[in-house]
Each structure stands twice: as C-alpha cells, then as structure tokens.
Amino acid sequence: MKIGVIDYGMGNLFSVEQALERLNCEVVVSATPHELAAADALILPGVGAFPDAMKRLSETGLDGFIREQVDAGKQLLGICLGMQLLFEESEEVAPTKGFGFFNGKIARFSGETTDGIQYRVPHMGWNTLDFKCLPKWLEDINLPESKYVYFVHSFYATHINREQLVASAEYFDAQVPGVMQADNVCGMQFHPEKSGEFGVFLLEQWLKGVEVLTC
C-alpha cells in the first residue's frame, strides 16, 4: 500500500515517514500532485502557524489538489496542525479560512479556567483519549486499556460538530478534540507517530481501514 505524505514545507515529515515504513507502507513524500495522486491515501502533517500553512498550500496549488482528492473519495489523515487545517477557520495570528471538511473553529487555549485557575499553554505532554464513538476503521476492534497519546499544541478545535467527534481529551476545563472523522477525512490532534504503543495502534488501524477500502 502506498501512502502519500504531503510536503508543503511545514511538516514533521521524517517521523511520519519512519512510522509508516515500520508499518510496511510504501511512502511517497512529495509536493507534486501527480506523484501524490498515485498514492492509496494521503497524510497532511503540520507544525507551525495556521495562516502560514494555508498560504503555502495555496501558493503550491496543493489546497486545490487536496480538495479534488477528497471529493474523489481518497482517504485523508491530518496530523496536529494538519488536522486543524481541516476545520472551517482559525483565529491564530489572523482570521484564516481552512478546508472546512470538519465543522468548527480553531481557537487558542485561554490559559485560565472559568474558576480563575491559571494553566500552562501549550497543552504539552501525555493525555488520555476518551472515545465517544468508533469510526469504521475501529469497529469490531478491542481498544487497548491504556489510551495515552502525546499532544503539543496551543490551539484546539471549538464549536465542533459532535457527530464528527471520535475521541477527546480533557485539559483543565477544555475538551480537546483528539480524533475527528467525516466521511473519508480523519484528523488526529496528537502525534500518533510519537505516542507510543497506542499511537502506533491507531495509525495502524487507520492504515488497515484504508487497505480494506482500496482492495
């Protein structure tokens, strides 16, 4: 199975590529649409600011390519900033439109609870996912008891469509969407490739779901 990792200059490409290769995938890391189009599924990684990412995707024409591929039914996984780009808009730096595959807006953690308790921003470290529903790629599978994953982010999705929410994590009084799914588009706010056994488990199950759909 061939997985295309979209290279727009703002992703932690090496760790994602290594994780995929360990799971026996053929990996194509590219910024060229015709090379990525030959992949069975696409991964949109991301590290940095939302407006910069959308600008680079627009300048390279990859934004239009991604929309075309999703409309054609290809499976897409967004990781960290890559997941945030899949929402309607973000307030980071300046109001910026996203892809809109998921309903909701990306906002900064306030750093203070409604009770006036101060907390650290970014949300960085290990946290537990609480599953609300299971997408097709996790159906009929026993989830491991330990569901810790690794987060590093200062912004998170708010005003979401609860029907698109797969799993969330608590960070003080904020409910952080951790996994989202809308048709053939999936998002993981954490880094599955850096999240130990459970992160690798989730990535592997998503890949198996892709393989079933493409066979």
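Colleague: Which residues does Ser 168 touch, not counting residues up to four places away in sequence?

Modeller: Ser 168 touches Thr 128, Leu 129, Asp 130, Lys 132, Gln 175, Val 176, Pro 177 and Gly 178 once residues up to four places away in sequence are set aside, where contact means heavy atoms within 4.5 Å. Before going on, the ground rules: this is a predicted model, in which local features need pLDDT of at least 70 and side-chain atom pairs count only at pLDDT 80 or more, while totals for chains, interfaces and linings use all residues. Residues are numbered from 1 along each chain as its sequence is written, and side-chain values use heavy atoms, with hydrogens and water left out.

Colleague: Where is Ser 168 found, and is Ser 168 buried or exposed?

Modeller: Ser 168 is found in strand E12, residues 165–171, helices (H or I, at least four residues) and strands (E, at least two) being DSSP runs numbered from the N terminus. Ser 168 has a relative accessible area of 4% and is therefore buried, given that buried means under 20% relative accessible area, exposed over 50% and partly exposed in between, with a 1.4 Å probe and protein chains only.

Colleague: What does the side chain of Ser 168 make a polar contact with?

Modeller: The partner is the side chain of Gln 175, at 3.5 Å. A polar contact here is a pair of N or O atoms within 3.5 Å; within protein, one must be able to donate a hydrogen and the other to accept it, and residues adjacent in sequence count only if both atoms are side-chain atoms.

Colleague: Changing topic, how many salt bridges does the count come to?

Modeller: The count comes to two salt bridges, taking a side-chain nitrogen of Lys or Arg within 4 Å of a carboxyl oxygen of Asp or Glu as the rule. In one of them, Glu 26 is paired with Lys 2, with the closest N and O atoms 3.9 Å apart. That pair links distant parts of the chain, since Glu 26 belongs to strand E2 (residues 26–30) and Lys 2 to strand E1 (residues 2–6), 24 residues apart. Lys 132 forms a salt bridge with Asp 130, and there the closest N and O atoms are 2.8 Å apart.

Colleague: And why do Lys 132 and Asp 130 count as partly exposed?

Modeller: Lys 132 counts as partly exposed because its relative accessibility is 42%, and Asp 130 is partly exposed because its relative accessible area is 41%.

Colleague: What about aromatics, how many pairs does the structure hold?

Modeller: The structure holds eleven aromatic pairs, where rings of Phe, Tyr and Trp (its six-membered ring) pair if their centres lie within 6.5 Å, and planes under 30 degrees apart count as stacked, over 60 as edge-to-face and the rest as tilted. One of them is the edge-to-face pair of Phe 109 and Tyr 171, at 5.5 Å centre to centre with 75° between the planes. Phe 109 sits in the loop between E7 and strand E8 (123–128), whereas Tyr 171 is in strand E12, 62 residues apart. Phe 109 is buried at 2% relative accessibility, and Tyr 171 is buried at 11%. Phe 131 and Phe 198 also form an edge-to-face pair, because their ring centres are 6.1 Å apart and their planes are at 90°.

Colleague: Which residues form the aromatic cluster?

Modeller: Phe 109, Tyr 119, Tyr 156, Tyr 171 and Phe 172 form one aromatic cluster.

Colleague: Now the largest nonpolar core: which residues touch the most other members?

Modeller: Of its 39 residues, Leu 20, Leu 129, Val 179, Leu 202 and Trp 206 touch the most other members. Such a core is a set of buried Ala, Val, Leu, Ile, Met, Phe, Trp, Tyr and Cys residues joined through side-chain atoms within 4.5 Å. Helix H6, residues 196–214, gives the most to this core, with seven residues. A second, separate core of 32 residues includes Leu 85, Leu 86, Ile 106 and Phe 155.

Colleague: Last one, in what order do the four strands of the open sheet come?

Modeller: The order is E6-E5-E7-E11, and the pairing is mixed, with two strands taken as paired if DSSP finds at least two bridges between them. The edge strands, E6 (96–97) and E11 (155–158), each pair on one side only. Strand E5 (residues 89–90) and strand E7 (residues 105–108) pair in the parallel sense over two bridges, and Ser 90 stands opposite Ile 106 in E7.
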